[in-house]
Amino acid sequence: MKIKIILTIFLIYFLKLNQSLIVPSQKDVASSLLFGIYGVSIQSDPCKTSYITCELTEPNNASSLQTVTYLNFKSNPNPSFYVIDEDLTVFTELFNITLADNIYLNSSFFNNFNKLTNLFYLYEAPILSKFSNIKIPTSLEIVNINGITVPLGNEWFESKITNLKINYPSGGFSIPKQLFKVNEFLTSLIIPITYNSSFPFNLAQMLPNLNNFEMDIFNEMDQPNYKNIIISSYGVFKSLLKLHLRFNHTSNPQLISFKQVYLNTPILLDLYITGDGFFDPSEDNIDLSYIKPNDFFVINLSYIYKIALVNDNYLRLPNSTHFTSGYCSFPLEKIDFTNVYYINVAYNQYTQQLPKIDNLPILNFLIIIYSNIYGDVPESYCRIQFIIANNNLDGKVPSCILCLGSDNPYARTYILPNPFSNFNKSSPSYCPSFNISKIDPKKLKTDGFDSLTIHGTNIGFGFEYPWTMIVANSILSLRMPRGVGLNQSVNVHFENGKVFTITYDYIGPSIFSYNITSYDDFPWFLLWGVGFDFLAENNVTINNQLFNFTKSIGGNNLDNAVGFEMNLFPNFTSGTQLNITINVANQISDQVTFYYLPQSINITEKKFILSYSGGSFEINGAFITNDASLVFVTINGTQCSISSYTNTRFTITYPPKNVGFDYVLILTVGGYRAESAVDFINGLTPTQTSTPTPTPTQTSTPTPTPNSTPEPSDDSKISISSNLKILVVVDDPLSPLNELNAIYELDVDQNNPNLNK
């Protein structure tokens with residue numbers, strides 16, 4: 001008997017252990033929903049089904065009750081139709097409601113809608129009843145409604161919803177003709193337009209932050225009791241980036257005027273139009289060139305057959321447009337491609353020739369395939385990359401295609417098949433016009449980030465080749481490897497089978513500065529410059545003594561760096577002159593003279609935020625010396641001046657500069673290097689600083705002028721005063737350190753770089 005009691009108690013405990021404890025007021029409602037929609041037993045734990053998600057009421061207490069947060073009813077019900085009559089307000093933490101097309105919410109749900117104070121998603125919920133004069137929860141942000149049969153009230157446009165999407169309306173649906181409150185929350189609106197709906201004429205004014213606007217337009221004029229659709233809008237869509245217009249496919253569409261919409265979208269980036277209806281033949285030319293996109297403008301036209309462009313209207317597009325068209329039938333010559341960078345046309349049924357591109361200055365790439373295109377391929381096409389396969393082109397191909405021959409992968413894949421008169425699948429390469437006219441630069445950096453630029457005639461399209469085409473068939477860029485020395489050569493194999501040998505040199509080394517840093521408690525002596533060896537150790541001579549420094553790191557517009565462990569370095573006294581050269585592949589740098597400063601030079605500020613319009617700022621730190629002749633400053637490029645100086649602070653005045661980030665300020669004292677970042681921004685008032693007399697500070701650093709200090713070209717030199725000479729160089733912002741393919745790795749922070757062996 002005892003055994004039976006013990007087993008019974010254990011069984012009860014086991015069952016409770018595997019059953020979640022849902023909030024009691026929610027259990028009956030959740031079970032009723034599951035049973036009514038999917039036939040799930042009311043004895044089942046709702047939280048352990050795939051239809052309901054629960055969370056602990058006390059997240060850090062595993063034994064606390066669970067509450068319903070997600071109703072995931074996107075599977076079709078069994079039976080096939082269900083109306084939710086249950087009171088969902090018992091789910092006080094409900095976050096997401098997702099319903100299948102044939103699971104409906106009744107009017108009682110919306111009578112208590114605002115009690116769902118945590119509801120964020122209402123997704124794919126079909127509506128059969130009241131959908132206006134509703135109090136909407138302030139937590140609700142994303143709404144996706146299917147199959148609506150009732151009017152959509154103004155409150156849906158005046159709530160805190162950010163994304164509102166209405167799909168598949170039927171009789172009885174409409175949207176407001178006018179909005180009455182400015183709503184800064186709604187950013188994405190997808191709505192249907194029917195002949196018995198309407199269009200809020202002041203949409204642009206009332207939704208200032210709308211950036212995505214999509215319309216599904218049902219303009220079938222053969223519908224019973226059809227009324228003309230009128231779409232207009234007052235005000236400017238100040239934030240609109242994406243405008244999509246989808247017309248239902250019909251044999252008798254109404255052509256609708258959208259001029260008040262598309263003429264008020266100054267920053268639009270994406271225009272998508274599918275189906276007949278957009279182009280009203282009563283309108284003048286459609287000019288979108290006033291749009292000033294931040295990047296490139298994308299227009300996509302599809303399934304357009306009845307288009308006003310055939311009536312001598314034309315479409316003018318914004319600068320840097322990517323034009324795409326599919327399954328249409330209209331003449332391409334009616335579109336002004338002047339501002340177009342990229343053309344992609346497929347399945348255009350209108351019989352025509354290839355568009356003329358002679359006066360299209362920025363066109364870079366053209367695709368026209370599976371279209372009713374006939375005639376020649378103009379010679380002007382050789383300056384762009386183009387794909388024209390699977391058309392009816394029956395004329396001649398230009399010289400750049402004859403150069404390739406039909407065995408070339410580019411020609412086989414992108415030019416054929418077409419019934420050309422002078423080119424077919426058996427045509428050999430014929431390229432008498434091939435020529436290399438210029439190659440630059442003649443000297444390359446040793447870091448592997450430089451490229452040779454090759455100019456010529458009919459040099460190819462770059463298809464499956466290890467180079468970058470700058471201008472098709474005319475200019476290509478070939479990335480060169482790391483290396484050193486003079487009289488290097490490379491054989492370049494072109495697509496037409498030609499081989500050309502190019503000779504070039506790597507630049508010789510130059511030393512700019514040095515510093516001492518610590519890594520893993522070991523100090524390192526680093527030299528900074530350009531033209532160092534990235535593939536082998538670097539031979540450095542210091543005061544007539546040879547040292548084997550590490551392979552170089554850095555590059556890609558950053559200075560190169562090589563290092564030597566300080567525990568193997570001579571014990572120089574502070575202030576010792578260091579006469580230094582470096583030998584890279586028998587190219588020896590000019591000798592520089594630095595002063596050995598075992599104390600660190602450093603800048604207190606890690607970054608300076610400066611006005612792009614010019615001004616002055618202070619640099620603080622430990623600069624060891626107050627001897628101005630030992631000091632050099634670079635901020636990468638424009639001339640500046642020094643208005644005051646001590647061994648802990650100086651003031652630099654700088655001219656106007658383009659807005660930009662991560663410029664690099666480099667300070668050297670006696671050759672010792674420290675650096676900081678500089679951002680030039682808009683909106684700061686330049687700080688004008690007076691010129692106080694520097695306060696001398698005692699230092700152990702010697703005062704003689706260096707015998708030789710590295711300097712840029714003479715036009716960069718400026719004299720600040722009779723007793724103070726400063727060199728300031730400003731260039732483009734330095735790009736980040738790209739890769740560290742060396743035995744040693746250096747952190748980008750050159751005040752305290754990390755050197756890994």
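**Salt bridges**

Modeller: Lys242, with a relative accessibility of 29%, counts as partly exposed; that class lies between buried, under 20% relative accessible area, and exposed, over 50% (1.4 Å probe, protein chains only). The model is predicted, so local features need pLDDT of at least 70 and side-chain atom pairs count only at pLDDT 80 or more, whereas totals for chains, interfaces and linings use all residues. Residues are numbered from 1 along each chain as its sequence is written, and side-chain values use heavy atoms, without hydrogens and water.

Lys242 meets the side chain of Glu214 in a salt bridge of 3.7 Å, N to O; the term requires a side-chain nitrogen of Lys or Arg within 4 Å of a carboxyl oxygen of Asp or Glu. Since Glu214 lies in strand E10 (residues 212-217) and Lys242 in strand E11 (residues 242-247), this pair ties together parts 28 residues apart in sequence; strands are DSSP runs of at least two residues, numbered from the N terminus. Glu214 itself is buried, at 8% relative accessibility.

Asp216 and Arg246 form another salt bridge, with their closest N and O atoms 2.6 Å apart. This pair also links distant parts of the chain, as Asp216 is in strand E10 and Arg246 in strand E11, 30 residues apart. Asp216 is buried at 17%, while Arg246 is partly exposed at 23%.

The structure holds twelve salt bridges. Among them, Lys438 and Asp440 meet at 3.8 Å, N to O; Lys438 is partly exposed at 44%, as is Asp440 at 27%.

Technical notes
Helix = DSSP H or I, 4+ residues; strand = E, 2+ residues; numbered from the N terminus.
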